[in-house]
Amino acid sequence: MLAFPVLPTRPGRHRRLTLTASGKVNLALEVLGKRADGYHELATVMQTIDLADRLTLEDADELALTTTSAEVPANADNLALRAAGALREAAKVDRGVRVRLDKRIPVAAGLGGGSSDAAAVLLGLNRLWGLRWPLARLAEVAVTLGMDVPFFLRGGLALGTGRGERLTPIPGTPLALVLVNPGEPLSTAAVYGRVTPAMYSDGGRARTMTEALRARKPTRVAASLYNGLEAAAMGVRPDLVRMRAALVAAGALGAAMSGSGPTVFGVARSFEQARQIRARLARASWGCWAVRTVSGPAVRMRAA
Ligand code: ATP
């Protein structure tokens, strides 16, 4: 897969692009409090991973989408098409796009798949429609689609504050992870709805994680994993406790939930060990992946 800087810059030359859109894990996620606008104030360390959706964008007159997944809407509600519609309106273009979406990232899983698809469409259409918008301008559209979407415009490793959309890139270290997903979605709104002030913290855990990443020590990263939404999510899905314990019993250095769940991930010593842990955990009812973190862009594209 070629990274997008190698694409020809002449706008309109390529009428079709293929893209990969990486998911993310939250190495740390703290809820600091509730804001006047109804959102929660967060401090979160987000990291892209190499589990990715695939998209094809083709220049068209209308907005249309087909998808391999029965779990996401195949209409204007799909985040990929909402992104296209929002950019079309913001840029005042009268062109459309046909999106083919091959979902590989589990849906409503805490891995940000829909947000990454939306970012991929913004970046792809910026190229396909020849807009040449800088990332900062695309980010203004991204944040109207979801608080995680701005992160995926760049990807890599970042500290997110505010509602998670104020981003500061941070230095990190490559990690091998094992993801475990129970195979059923968990609503982000349902989890945030169960958050109580007792679950708030002060941002210290995100700072500790930032320092562990800077020290480039997977053992320290594993010891610093934290998710302040776990208690709220476990109220809806008590089996998360078992998933997290199973990861540690199978050899993970440490484990935590990602985002608002239900995916739980563990840190391994190496990718080889991650594969061994995955093999130990693979059961019919759980989806398991051994993945690597991605330090470069979350979205990669090439002309097709
Ligand atoms: P986050 O970590 O950003 O909270 P998530 O991984 O928990 O996200 P998503 O997979 O992004 O959740 O999906 C959230 C909801 O959005 C689901 O209910 C799903 O039906 C809807 N949705 C719309 N379009 C998409 C898409 N392209 N991919 C995934 N979900 C989508």
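Let me start with N126, whose side chain has a polar atom 2.9 Å from the backbone nitrogen of W133. I call that a polar contact, meaning a pair of N or O atoms within 3.5 Å, where within protein one atom must be able to donate a hydrogen and the other to accept it, and residues adjacent in sequence count only if both atoms are side-chain atoms. N126 belongs to helix α2. Helices here are DSSP runs of H or I with at least four residues, strands are runs of E with at least two, and both are numbered from the N terminus. N126 is buried because its relative accessible area is 12%. The cut-offs are under 20% for buried, over 50% for exposed, and partly exposed in between, with a 1.4 Å probe and protein chains only.

Before going on, the basis: this is a predicted model, in which local features need pLDDT of at least 70 and side-chain atom pairs count only at pLDDT 80 or more, while totals for chains, interfaces and linings use all residues. Residues are numbered from 1 along each chain as its sequence is written, and side-chain values use heavy atoms, with hydrogens and water left out.

Next, T293. It is in the loop between β11 and β12, the latter being 299-303. Its side chain comes within 2.9 Å of the backbone nitrogen of L175. With 14% relative accessibility, T293 is therefore classed as buried.

A282, in contrast, counts as exposed because its relative accessibility is 53%. This residue is in the loop that runs between α10 (271-281) and β11 (287-292). From the C-alpha atom of A282 to that of A231 is 25 Å, and the two are 51 residues apart along the chain.

Now the ligand. Which residues are closest to it? They are K103, A108, G112, G114 and D148, out of 21 residues that surround the ligand. To be near, a residue needs one of its heavy atoms within 4 Å. By type, this shell has eight nonpolar, seven polar and six charged residues. Nonpolar covers Ala, Val, Leu, Ile, Met, Phe, Trp, Tyr, Cys and Pro; charged covers Asp, Glu, Lys and Arg; the others, Gly among them, are polar. Helix α2, residues 113-128, gives the largest share of the shell, four residues.

For D148, a polar side-chain atom is 2.7 Å from a ligand oxygen. For N78, a side-chain N or O atom is 2.9 Å from a ligand nitrogen. For K24, the corresponding distance to a ligand oxygen is 3.2 Å. On its own the ligand has 610 Å² of accessible area, and the protein covers 79% of that; the areas use the Shrake-Rupley method with a 1.4 Å probe.

Last, the backbone. As background, most residues other than glycine have a negative phi, and most peptide bonds are trans. A108, from the ligand shell, has a positive phi of about 50° and is not a glycine. A108 is placed in the loop between β4 and α2, and it is partly exposed because its relative accessible area is 38%. K92 also has a positive phi, near 50°. K92 sits in the loop between α1 (79-91) and β4 (96-102), and its relative accessible area of 70% is why it counts as exposed. Finally, the peptide bond from G261 to P262 is cis, with omega near 5°. P262 is in the loop between β9 (254-257) and β10 (264-268).
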